[in-house]
Amino acid sequence: MNKISSLIVIALLLSLQTFAQQHNVVIEGRIIGYNGSGKVLYSLETVAGANASEEITPDNLGNFVIKAYVEKTEFFRVCYYDASRYHLVELIVRPNRKYSFNSTGVEIIRNTWWGYPNSPDIYTIDIGQNDGVPLSKLDKGQIYYNLIDNESHGILSHQDEWGLKQPDALLDRLDEKINNELIPLNELLASGEIDSEFFEICKLNVQYKYAERLATAIRSTFWHDKFKVNDSILSKQLSQIYPKVFEKYPIHAETIGLIDNMIEYTNMYLEFIEDYKDGVYTYTKRKGNRAFKDIYAKSDQILPVKVNQHYQQYHTMCNAAALGTISKARIEKYLADNDDMKDSYGNQLIENILLPRVEEYEKLQYIEMPPECLFLDGDSIDSFSQLSQLLKGKALLIDCWGTWCMPCLAQFNHLEPLKPRLKEKDIAMVYIAYEYDDNRQLWESIIKAKALEGYHFIANDKFKEDLKRVSANNLSFPTFLIIDSKGCILENKAALPSEGDELLNQIEQLIQK
């Protein structure tokens with residue numbers, strides 16, 4: 001072989017090597033029921049549960065292919081939702097492999113916004129060819145990983161499963177639940193279906209997710225009206241067990257980066273650290289954004305650097321999206337402190353979309369309030385009967401919302417179709433703000449920005465109690481109520497404006513005019 005030929009061969013080999021390094025992992029996905037609109041968000045990160053940082057548009061059948069170069073184990077997450085279904089898929093991704101999955105999604109249920117479980121059927125892995133035909137097999141390991149604790153994080157509806165009235169047995173029950181969940185994974189490890197690294201990642205996720213559920217169940221007894229424990233001895237025993245959950249599964253462990261959805265558990269842990277003094281835990285009730293800011297600001301002293309970056313990114317996005325709960329100066333400081341993440345989807349979203357919106361909101365304080373936005377004296381309105389007397393002779397559509405509540409703010413985008421029918425039937429729109437922080441400027445800025453035509457006031461403590469009574473101690477946000485001209489509450493859990501004609505139909509049926 002002459003010198004020129006040798007150089008060509010070397011160049012070709014180098015180019016092939018470069019091409020190979022461009023992607024050594026292929027992920028094929030399909031969103032079952034894809035309606036042809038919207039993009040799929042996904043991430044491939046070294047930290048489990050990272051915010052979706054990239055976008056891809058599926059074909060008309062919901063198919064898409066993602067190619068990436070992976071040096072060591074990383075975590076894949078894909079998110080997509082439409083009006084009826086939510087899709088969340090998670091994989092443990094290894095170098096030099098091909099994955100494929102079909103996601104059927106889960107039904108979106110009205111007034112359920114806490115979170116949705118994972119639900120796809122996952123298939124992988126390329127195991128070679130037979131007469132030129134690619135072969136693959138069902139990857140049971142990925143299926144079990146994707147279905148670990150397959151329900152909403154922080155859920156309270158299964159509180160009774162822990163047997164909280166027997167606090168001494170709670171840690172044993174935690175171990176029992178974890179061990180039961182690990183049985184099929186142990187079998188897969190023994191059969192060689194998964195290796196030890198895969199198993200350890202799954203094990204950590206099982207441990208921490210059950211720890212989160214137990215911690216949530218115990219914590220709910222300190223503050224939740226439905227679950228609150230009135231027995232002082234039992235309450236004290238639970239407050240002694242609560243720290244032991246975090247001692248058993250500490251958030252500062254380096255392995256936390258291998259755990260999906262660490263946000264809720266981390267939130268509880270940071271609050272716990274703040275309230276755990278001299279070996280004694282005393283629950284402190286906190287509401288509103290201000291109450292948590294100082295606690296979350298200490299996360300850099302507790303969390304591994306990489307994990308803390310994603311944690312701070314998550315909270316910065318949430319606070320910026322909530323408009324007014326974070327200042328322009330604070331966002332700019334976050335971006336400067338995390339310059340190494342400037343190309344990530346999250347930081348691009350913060351810098352290019354959310355930061356300009358926060359800047360515009362800060363300017364709203366200098367703009368006059370629209371005349372169609374009318375303010376009532378919230379200090380003097382203690383009940384719904386007083387409100388009805390004040391607006392005597394008018395039927396009311398009431399929106400109970402909060403400046404801190406993202407689902408509440410989202411409903412403002414669906415109000416326009418309601419306005420003509422409300423005027424035609426002489427129904428007054430009333431916006432009652434349920435606030436924890438004294439931030440009237442933020443409240444007024446949101447009203448200006450959304451042009452919320454109607455009556456407004458901030459609920460005082462007595463009205464908040466009456467609202468709980470009216471909602472039968474099942475208060476959630478946002479909540480819409482329909483009240484007739486005589487002050488009778490016809491519907492204490494009306495449909496949301498985002499549900500199309502359902503709210504209009506309820507108004508037509510309940511208020512005849």
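## Basis of the model

Residues are numbered from 1 along each chain as its sequence is written, and side-chain values use heavy atoms, leaving out hydrogens and water. Because the model is predicted, local features need pLDDT of at least 70 and side-chain atom pairs count only at pLDDT 80 or more, while totals for chains, interfaces and linings use all residues.

## A buried threonine

Thr 73 is found in the loop between β4 (63-68) and β5 (74-81), where strands are DSSP runs of E with at least two residues and helices are runs of H or I with at least four, numbered from the N terminus. With a relative accessibility of 13%, Thr 73 counts as buried (buried means under 20% relative accessible area, exposed over 50%, partly exposed in between, with a 1.4 Å probe and protein chains only).

The side chain of Thr 73 is joined by polar contacts to those of Arg 94, at 3.2 Å, and Glu 197, at 2.9 Å; such a contact is a pair of N or O atoms within 3.5 Å, one able to donate a hydrogen and the other to accept it within protein, and residues adjacent in sequence count only if both atoms are side-chain atoms.

## Salt bridges

The whole structure holds 23 salt bridges, each a side-chain nitrogen of Lys or Arg within 4 Å of a carboxyl oxygen of Asp or Glu. In one of them, Lys 298 pairs with Glu 274, with the closest N and O atoms 2.9 Å apart; Lys 298 lies in the loop between α7 (289-296) and α8, and Glu 274 in helix α6, 24 residues apart. Lys 298 is partly exposed at 32%, and Glu 274 is also partly exposed, at 25%.
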